[in-house]
Amino acid sequence: IFGGGNDANVSDFANKLGDATDTGTSTICGAINQTINNYMTAYPSTPIGIISPAPWIDNGFRTTNQGNRLAQFCDKLEQIAKIQGIPYLDLYHTSGLRPENEADRTITYYTDGKHPNDLGQEVISTKICQFILTFAL
């Protein structure tokens, strides 16, 4: 499951995020847990993992802005992965993409500073492939 920054870009985020142990679909965390539980019920022997979104240029989503909404969302994704007992890949902190650096952003992101371009996708695809190879089959 590859998380997206849009999940943290909702109005009233603080009230909608919820807790990593939530169930149901009234919070973002609950909906993620419900999705994982549905998947595991439908495909009990198929490995599953969670991948966090990469950082964005938006001030509320930069890795240099501690405790921002995207950082909070990624923290919850990691907590959910631990609770669910599934692997987690943290692209938010370890992607190697640095949208807050103009030179890096220019070569690895589209002009919106949110979506990695072809080079940016190549950078993270290597990490994603390595992550998937760690799954026990």
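The largest pocket has a volume of about 200 Å³. A pocket here is an open set of points on a 1 Å grid over the protein atoms alone, where a 1.4 Å probe fits, with protein on both sides within 12 Å along at least five of seven lines. Points are joined across faces, edges and corners, and the volume is the space filled by probe spheres set on them.

Before going on, the sources: this is a predicted model, in which local features need pLDDT of at least 70 and side-chain atom pairs count only at pLDDT 80 or more, while totals for chains, interfaces and linings use all residues. Residues are numbered from 1 along each chain as its sequence is written, and side-chain values use heavy atoms, with hydrogens and water left out.

Back to the pocket. Its lining has 13 residues, and Phe 2, Trp 56, Lys 114, His 115 and Pro 116 are the ones nearest the centre; a lining residue has an atom within 4 Å of a point. By class, six are nonpolar, six polar and one charged. Nonpolar covers Ala, Val, Leu, Ile, Met, Phe, Trp, Tyr, Cys and Pro, charged covers Asp, Glu, Lys and Arg, and the others, Gly among them, are polar.

Next, Asn 68. This residue sits in the loop between β1 (50-51) and α3 (69-84); helices (H or I, at least four residues) and strands (E, at least two) are DSSP runs, numbered from the N terminus. Is Asn 68 buried or exposed? Its relative accessibility is 5%, so Asn 68 counts as buried (under 20%; exposed is over 50%, partly exposed in between, with a 1.4 Å probe and protein chains only). A polar atom of the Asn 68 side chain lies 2.8 Å from the backbone nitrogen of Leu 70. The Asn 68 side chain also makes a polar contact, at 2.8 Å, with the side chain of Tyr 92. Such a contact is a pair of N or O atoms within 3.5 Å, where one must be able to donate a hydrogen and the other to accept it; residues adjacent in sequence count only if both atoms are side-chain atoms.

Last, Asp 12, in the segment before α1 (13-17). Asp 12 is not a glycine, yet has a positive phi of about 60°. Most residues other than glycine have a negative phi. With 44% relative accessibility, Asp 12 is partly exposed.
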